[in-house]
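Please look over the sequence and the model before reading on.

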Amino acid sequence: MFEPKTHKVLKSVKKRALIDNETYLDWYQQSTKNPEKFWKKHGKRIDWFKPYTKVKNTSFTGDVLIKWYEDGVTNVSYNCIDRHLKKRGDQVAIIWEGDNPYEDKKVTYNELYEQVCRLANVMKSNGVKKGDRVTIYMPMILEAAYAMLACARIGAIHSIVFGGFSPDALAGRIVDCNSTFIITADEGLRGGRVVPLKANTDKAVEHAARDGVEVRNVLVVRRTHGKVDWYEDRDIDYDEAMRLAKPKCPPAKMKAEDPLFILYTSGSTGKPKGVLHTTGGYLVYASMTHEYVFDYHPGDIYWCSADIGWVTGHSYIVYGPLANGATTLMFEGVPNYPTPARFWEVCDKHQVNIFYTAPTAIRALMGAGDSHVTSTSRKSLRTLGSVGEPINPEAWEWYYNIVGEGKCPIVDTWWQTETGGIMITPLPGATDLKPGSATRPFFGVRPQIVDGEGEVLEGAVDGNLCIVDSWPGQMRTVYGDHERFILTYFSTYKGKYFTGDGCRRDEDGYYWITGRVDDVINVSGHRMGTAEVESALVSHDSVSEAAVVGYPHDLKGQGIYCYVTPMSGVEASDDLRKELVKHVREEIGPIATPDKIQFAPGLPKTRSGKIMRRILRKIAENEFSSLGDTSTLADPTVVDDLIENRQNKK
Ligand code: WT7
């Protein structure tokens, strides 16, 4: 098997690093041999109003109950702000870099404290209480971070919906968690283009009302000052409300297992699941991984280029870094605006030491040419990170050699919305790097590779990735549907958390994530359920049936390939194709834009009517010479038509 060259830990890196290989091996052993003792010690990295006496109370069988530090009392906002004020009140907490390269702002911990307190008071005075769900639908502006922390301060549960989702997708998420308070902005700004967030929110609120959820208030930040509709009894102007609010608000006393946030994510079936994370264990895990994985030292400038609409933004823009008293950079824009040099120009401008981004961005920038990189200095950079999808060795080497000039270790971090924090990853001073491998498990993480029957595979093998014991950052349930939680994650392989990913382990014990083995596809690091795209397609009047699969895409990692059977009498035209693309974007959002639509008079089905996706995947991949056994198909001739009319001809 092809194995790229190993990059040994550099001496210069090892010298300053928090964790060397001996320490890693030692701590890892302790953490898995006696997790109780290990996490008892590391739970103290955050402040507790009332210390915990119980550490771990978890079970992956039966009702699957997961509790960490259950009798401890704390507050996430207190840990991210108040406890730093004495020592670093005047240190910059958040650097905000606008979409426009001439716009930026810096917020100190003292200022963050006041803004979060005021906003917490605005929410309280509008009736938001502990345990209420608050939906945040915002661009990457400072107020989005204030909103998260203000929720945490008063014990409200936030549910952030990525600004690229459509009004209908937003409505579905509002309804699912019965959220009656929304925070949004007039418009977002990305790559010079305007995103109509308030108009989308208005539509979503209307839609939610039809589904029985009456949104009480919409709090609106003026970002662009563009014109928006205004509903006097419902809408609240952010600036006005903030001016009137008191600048102090005591942090609510939260039990470790009180919910912190819900984040919707796609699964292989049905509508998106509300992944629920709680307070204590989550913060311990997010802050600890942030410190050790990025080898964060006090004073470092840290930048994660994700959006707060994804879990990466939750754990590694806001909660992890701020709990560690770091300076975290928040970027409103996109990698290639105004030019593909933007990332590196921002690194120079703010003297970024640690930079964390996604392979899809790296591939796109690699395609734009080295000159956009080499025109910048990047001297401040020390550690580089990657997340969201497998990184191909070619992109890895480019990131390492061109961006990092061979001086910065790359941490390829594997994790999921469900895991709350990084699970498999190198540590800069400890781990020799192999391009394309997420390398070894973080402390307390016990991966296992199993075959289709659940047989545990030892040594160098290929199979499905499970985790066999709990870690503090793990999701606790699917909001409002614990049965679905058990069914989705703990039923495929009894007593184990099943990740949905395929994985290979090599002879050095390194893990290589090979991608999803379920009906989830990963488009530019964004997770998409094929079932969601299918239901968007069949909701169109002209569509009788649809099947969606992923296929390898040079930039996006995976593209969205749709097989569509039109209603009888409907012409399979290019116009219909355009119309369907538009329809899916409206139903879900631009991230679900179909890349290929193939019209198919029939789909390959078994005699019992089950669509054989294996065949559809092969044809989408342009690998139709190895279709395997098609004799069980009800009508084997449909396959010839599918091959003939494939849309990915090379
Ligand atoms: C899925 C989770 C975790 C934050 C962003 C995505 C894939 C994630 C890697 C990586 C290979 C990766 C997996 C996983 N994935 N990181 N370093 N190497 N694959 O979170 O939306 O919950 O998606 O992303 O397939 O299951 P998510």
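## Helices and backbone exceptions

Helix H7 is followed by Gly155, a residue with a positive phi near 80°. The model described here is predicted. H7 covers residues 142-154, and its end C-alpha atoms are 19 Å apart; at 1.5 Å a residue its 13 residues should span 18 Å, so the two values agree. H7 is mostly covered, with 13 of its 13 residues buried.

Another pair of helices is in contact. Helix H8 (residues 167-176) packs against helix H9 (residues 197-210) at an angle of about 50°, and their axes are 8 Å apart. H8 is therefore oblique to H9. The crossing of H8 past H9 is right-handed. On the H8 side, Pro167, Asp168, Leu170, Ala171, Ile174 and Val175 take part, meeting Asn200, Thr201, Lys203, Ala204, His207 and Ala208 in H9. By class, this contact of H8 with H9 has seven nonpolar, three polar and two charged residues.

Most residues other than glycine have a negative phi, and most peptide bonds are trans. Two residues other than glycine with a positive phi are listed below.

Tyr69 is buried because 29 other C-beta atoms lie within 10 Å. Arg378 is also buried, with 21 other C-beta atoms within 10 Å.

Tyr337 and Pro338 are joined by a cis peptide bond, with omega about -5°. Pro338 sits in the loop between strand S17 (327-331) and helix H13 (342-350).

Terms used:
Residues are numbered from 1 along each chain as its sequence is written. This is a predicted model: local features need pLDDT of at least 70, side-chain atom pairs count only at pLDDT 80 or more; totals for chains, interfaces and linings use all residues. Helices (H or I, at least four residues) and strands (E, at least two) are DSSP runs, numbered from the N terminus. The expected span of a helix is 1.5 Å times one less than its number of residues. A residue is buried if 20 or more other C-beta atoms lie within 10 Å of its own, exposed if 12 or fewer, and partly exposed in between; C-beta atoms are placed from the backbone. Axes are lines fitted to C-alpha atoms, for helices over the stretch in contact, and angles run from 0 to 180 degrees between N-to-C directions. Angles under 35 degrees count as roughly parallel, over 145 as roughly antiparallel, 65 to 115 as roughly perpendicular and the rest as oblique. A crossing is left-handed if the near helix is turned anticlockwise from the far one by less than a right angle, and right-handed if clockwise. Two residues are in contact if their C-beta atoms, placed from the backbone, lie within 7 Å. Ala, Val, Leu, Ile, Met, Phe, Trp, Tyr, Cys and Pro count as nonpolar, Asp, Glu, Lys and Arg as charged, and the others, Gly among them, as polar.
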